[in-house]
Amino acid sequence: MKVFCGRANPTTGSVEWLEEDEHYDYHQEIARSSYADMLHDKDRNMKYYQGIRAAVSRVKDRGQKALVLDIGTGTGLLSMMAVTAGADFCYAIEVFKPMADAAVKIVEKNGFSDKIKVINKHSTEVTVGPDGDMPCRANILITELFDTELIGEGALPSYEHAHRHLVQANCEAVPHRATVYAQLVESRRMWSWNKLFPIRVQTSRGERVIIPPLELERCPGAPSVCDIQLNQVSPADFTILSDVLPMFSVDFSKQVSSSAACHSRQFEPLVSGRAQVVLSWWDIEMDPEGKIKCTMAPSWAHSDPEELQWRDHWMQCVYFLPQEEPVVQGLALCLVAYHDDYCVWYSLQKTSPEKNGRVHPVRPVCDCQAHLLWNRPRFGEINDRNRTDQYIQALRTVLKPDSVCLCVSDGSLLSMLAYHLGVEQVFTIENSAASHRLMKKIFKANHLEDKINIIEKRPELLTPADLEGKKVSLLLGEPFFTTSLLPWHNLYFWYVRTAVDQHLGPGAVVMPQAASLHVVVVEFRDLWRIRSPCGDCEGFDVHIMDDMIKRALDFRESKEAEPHPLWEYPCRSLSEPQQILTFDFRQPVPLQPIHAEGTIELRRCGRSHGAVLWMEYHLTADSTVSTGLLKPAEDEGDCCWNPHCKQAVYFFNTTLDPRAPPGSSQTVTYTVEFHPHTGDITMDFTLSDALDSNGPNPHL
C-alpha cells in the first residue's frame, strides 16, 4: 500500500507530496537507528552478559525459577543471554513493531522460541495475570532504556511502572544501579555554544561592537542536553575546576520514582576561574557488589584509558550553567543536579538548596528565542572570530556607500556587519516569527531598530513596496537556514536569489557568488561501526537484524548521504579532496540538471569506508568559506573538519583491500547530479580494485 507524505523541501523551500510505502517512517527509523552500534559495543554486551549470569545464579541459589522481564528487548539479545544463562522463561517487551517482528525471528533462528515470548507493547501496557501477557510477576528485571543523559528515553517512568505492576518486590535487576557524575569546567569554546559573544567591527567611523540583548545574556538556554564525543574535545579547550563528583544514583532493584528531585554535592574548586560548563556522564553496575561496571567516563576520568570502548549510542553530556560564575580555589561551593522524569540540569550555589530552602526543580526554558532558533553549532559558528573576519573582509571588497543590501539567512548578523561597514540601506528577510522576534531584540539592543528593516515573509512574496521601491545592489547570505540538514540544503539561498531576481538592480552583486560541492574518500577510526553488519553477537546469530537494516537502507532517502559532525569522528583521507559540482549564484537556478561523473584515485592505504561531501562558499573570487575540510590532510591523512557544520557521509557497502600499496590503481567512480526542480542531489559511488578480480572485499 502506498501513502502520500507531505514534506517541506529544505533546499527549494516548497512543500512536496510524495508517494511512499506505508511503512516508510519505520524504514527511516531503522536505517538511522543505533542498533548496529549497540551490537558492536563489545564492552556493553559482555558486561550485560556477566550481570545476567550473576542475577540468574542468585535467583537459582534461592531455589526459585528465574523469570525474566526484558524491557526494550530490541533484537532479543539480552533475553537470549538470560536463557543461555539458565533463565526458565523471558518476557521480552518491544514497542516498535518492526523491531518486535525481527526479535521474534531472531529468537526462533537461535532456537529460543520455547523460552522467550516477545510482546509487542509499551511496557506500561503489559498485563499480568491468568489472561494477561505474563501469568505472574518476574523476579529478574533486565532493561536497556538509557540514552546519553541516562533518563532521556523515559527510563524512570518505565522502571517506576515495572516495579509497581510487573516485577516482584526486591527483584534482581540488570543493571542493578546507575550513577551520574559531573565535573565543573571553564571553557570558552563550549561556552560559545550557548551564549552570544560581543563582535567587534573596525569601521571608518571607529570601532563598533555588536552586543547581545540582556534577555539573551540572562537566558538559561535550551533544556535539551548537548551530547558529544567528549574525548574529541582538546584538553587545551577547557580548564578543570573540580574533581569528578558523583551527583546521584538510581537503584533499579527497588521502587524507582520519576518525580522531580535535586541532589547537591559540596566541593572545593581545584583552581580559580569562571565556572561555565558541567561535563557529565554515567556508569551502570550490573551487580549489587558493583564488580561488573560499564562506564561512559571520558579518557581522563576512566580507570583504564587503554580499555576505553568507543560507542555512539551513549556519549557524554555538556550542560551549561544559567550564568558563568567566578570560583576561587579552595572556597567551598555546591554543585546542584536537578532532574525530572526526562531531563537533567545543573546550577552552582554557595550552599546546599536543601539548607537554604530554595529547592525549585523546574526545568529551564529558553525565553530569549535565540536557543530556539540557533542550535549549539550555530552559536559556535556565529562566535567564530576568524569566520566573522573573513566575511567582513569580503564585504569590504563589494560594498559601496550607496549600496542597498538585502540579507537572506535565518537569524544572521550579516545585516549588522553590512550596516556598520557603511551600507546606505539594509533589509533582512526573516521567514519565521521566531527569527523575526530574535533579530528585532538584537537590533534594539544595538540601537539599530530604525536602521535595518526586517521583512517577515517568504522571499517569493517580496514586493517593491517591501523594499521601499528600491532595487537591491547587494544580495547577501552566509548562507544558513535552520531547516538545512545536509550541506547542500543551504542551496536554498540560490532559490531565494532566483525568486528575488526581479528586485535586483543592474550589476547587482551576489555574495557568496558561487558554491561548490567537494568529496574525499575516507577511512573512519570508529564511525564505520554504525553501518557495519554484525552477523554474530556474543555467540548469537543476528543476521536477520543486518538484513532488516539493509532493506531499510534500500529506501530512497536512506540510500543518500547522512549528516555527521565529523570533528567528533576521526578519520583519514585516502584520496585528495575533489571538487565535483559548482553552483553559480550570479545566475538564477538553471532549468536543466547539473551532472558530474568521474573517478577518485586512492593515494593512501586503508579501508575505504565512505565518501565525505561538503560545500564551499565562494564569497568573492578571492575568499572561500569551507563547511568541510579546513586544511590539507596531514601526511598520514588525518582530517581537520569545520567544527560548526555537519558533513555528509555516504557509506560504502564494501571496502577496498587495505593491504594494497599506494599507486595500485584503486579507484572510486562517482556519478553526482543536482536536480533543480526538487533541489535534490543524487549520487552513486562504485569501488574498484585492480588487485582483486573478484570485486571489492566484504565490509569489515
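Threonine 620 is buried in the predicted model, with a relative accessible area of 11%. This value falls below the 20% limit under which a residue counts as buried. The residue belongs to strand S32, which spans residues 610-620. Its side chain reaches the backbone nitrogen of serine 623 at 3.3 Å. When residues up to four places away in sequence are not counted, threonine 620 touches Ala394, Thr397, Val398 and Gln513.

Glutamine 229 is also buried, and its relative accessible area is 6%. Apart from its neighbours within four places in sequence, glutamine 229 is in contact with Trp310, Arg311, Asp312, Met315, Gln316, Glu568 and Tyr569. For one of these residues, glutamine 316, the separation along the chain is 87 residues, while the C-alpha atoms of glutamine 229 and glutamine 316 are separated by 6.3 Å.

An open sheet of five strands was identified, with the order S22-S21-S20-S23-S24 and parallel pairing. Strand S22 (452-455) and strand S24 (504-511) form the edges; each has a single partner strand, so one side of each lacks a neighbour in the sheet. On average, neighbouring strands of this sheet are turned by 20° against each other, direction ignored. In general, the strands of a sheet pair through backbone hydrogen bonds, in either a parallel or an antiparallel arrangement.

Within the sheet, strand S20 (residues 404-408) runs parallel to strand S23 (residues 472-476), and three bridges join S20 to S23. Cysteine 405 has leucine 474 of S23 as its bridge partner, and cysteine 407 is partnered by leucine 476 in S23. S23 also pairs with S24 in the parallel sense, over four bridges. Here leucine 475 stands opposite valine 510 in S24. S23 is mostly covered, as four of its five residues are buried.

Helices accompany this sheet. Helix H15 (residues 492-499) lies across S20, S23 and S24. The direction of H15 is at about 170° to S24. Another helix, H14 (residues 433-445), packs on the sheet and touches strand S21 (425-429) and S22. The direction of H14 makes about 170° with that of S22.

In helix H16 (residues 543-553), the residues Met545, Asp546, Met548, Ile549 and Ala552 are buried. These residues cover an arc of only 160° around the axis, and they therefore lie on the same side of H16. Aspartate 547 is partly exposed, with a relative accessible area of 40%. The C-alpha atoms of aspartate 547 and phenylalanine 96 are separated by 17 Å, and the two residues are 451 residues apart along the chain.

According to an unreviewed UniProt entry, the feature "domain: Protein arginine N-methyltransferase" is placed at residues 176-350 and 514-689. Over residues 176-350, the chain is 5% helix and 46% strand. The end C-alpha atoms of this stretch are 33 Å apart.

Note on methods
Residues numbered from 1 in each chain as written. Predicted model: local features only at pLDDT ≥ 70, side-chain atom pairs only at ≥ 80, totals over all residues. Heavy atoms only, no water. Buried < 20%, exposed > 50% of the residue type's maximum accessible area, 1.4 Å probe, protein only. Contact = heavy atoms within 4.5 Å. Pairing = 2+ DSSP bridges. Helix = DSSP H or I, 4+ residues; strand = E, 2+ residues; numbered from the N terminus. Axes fitted to C-alpha atoms, helices over the stretch in contact; angles between N-to-C directions. UniProt positions renumbered as here; feature names shortened; annotations may be inferred. Arc of directions from axis to C-beta. Polar contact = N/O pair within 3.5 Å; in protein donor to acceptor, adjacent residues only side chain to side chain.
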